[in-house]
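Here's a quick look around one protein model. Have the sequence and the 3D view open as you read.

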Amino acid sequence: MPSTPATTANNSSNGTTGGAAPEIMLELVDESGNTIGTAEKLSAHQAPGQLHRAFSVFLFDPSGRLLIQRRALGKYHSPGVWSNTCCGHPYPGESPFAAAARRTHEELGVSPSLLAEAGTVRYNHPDPDSGLVEQEYNHLFVGLVQSPVRPDPEEIGETAFVTPDELAERHARAPFSSWFMTVLDAARPAVKELTGPDAGW
């Protein structure tokens with residue numbers, strides 16, 4: 001299960017690295033996912049956290065292997081840990097689908113050849129290292145990637161395509177984001193439908 005370091009720089013419009021980042025607003029929601037307001041990104045993640053809209057993307061290659069990424073060390077939230085293909089937050093008024101496609105291209109330099117909705121999941125995951133809290137109403141997407149990835153090194157440290165067995169082995173020895181298994185388990189029905197029975201998801 002080879003890993004690919006991120007070596008190509010791209011411009012990112014979602015400043016999450018060190019230094020003075022532009023103010024980014026998130027969409028606050030109620031327990032049913034209805035928009036109720038906005039909040040600045042960092043303040044929304046400070047304990048106890050404000051419930052906000054988010055998305056998670058799971059992209060697979062034609063062999064049914066999942067593309068995962070190790071978050072860049074410069075990110076203020078959960079740096080250096082492995083996670084799903086792409087995750088983030090829609091801008092206020094932006095559809096989750098559009099945000100998922102946008103951030104996948106910004107972070108990985110690719111546009112999915114297929115991207116489909118895979119439901120939603122609501123969770124509350126504190127990050128013990130930073131003290132930040134993920135209070136999220138998360139829109140899930142699954143899809144296919146058929147072109148080489150070009151990760152933005154300010155966002156991504158490494159990428160890897162993994163089978164279910166390779167993911168389990170990596171998950172047992174390397175740190176993963178606190179939300180990873182929650183979003184993967186919620187997306188599994190759509191993942192199985194996309195990849196077929198032979199992929200093993």
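## A buried asparagine

Let's start with N84, which sits in the loop between β6 (82–83) and β7 (86–88). Keep in mind that this is a predicted model. N84 has a relative accessible area of 0%, and because the cut-off for buried is under 20%, N84 counts as buried.

What does the side chain of N84 reach? Another is the backbone oxygen of C86, which lies 2.9 Å from a polar atom of the N84 side chain. Setting aside neighbours within four places in sequence, N84 is also in contact with a list of residues including S56, F58, L67, Q69, W179 and F180.

## Rings that pair up

How many aromatic pairs does a search of the whole structure find? It turns up three. One of them joins F60 and W201 edge-to-face, with 5.7 Å centre to centre and 75° between the planes. This pair links distant parts of the chain: F60 belongs to strand β4 (residues 52–60), while W201 is in the segment after α4 (180–195), 141 residues apart. F60 is buried, at 0% relative accessible area, and W201 counts as buried too, at 7%.

F176 and F180 make a tilted pair, 5.0 Å centre to centre with 50° between the planes. Both F176 and F180 are buried. F180 has already come up here, as one of the contacts of N84.

## A charge over a ring

Last stop: W82. The charged end of R170 sits over the ring of W82, 4.4 Å from the ring's centre.

Definitions and conventions: Residues are numbered from 1 along each chain as its sequence is written. This is a predicted model: local features need pLDDT of at least 70, side-chain atom pairs count only at pLDDT 80 or more; totals for chains, interfaces and linings use all residues. Side-chain values use heavy atoms; hydrogens and water are left out. Helices (H or I, at least four residues) and strands (E, at least two) are DSSP runs, numbered from the N terminus. Buried means under 20% relative accessible area, exposed over 50%, partly exposed in between (1.4 Å probe, protein chains only). A polar contact is a pair of N or O atoms within 3.5 Å; within protein, one must be able to donate a hydrogen and the other to accept it, and residues adjacent in sequence count only if both atoms are side-chain atoms. Contact means heavy atoms within 4.5 Å. Rings of Phe, Tyr and Trp (its six-membered ring) pair if their centres lie within 6.5 Å; planes under 30 degrees apart count as stacked, over 60 as edge-to-face and the rest as tilted. A charge sits over a ring if NZ of Lys or CZ of Arg is within 6 Å of the ring centre and within 35 degrees of the ring normal.
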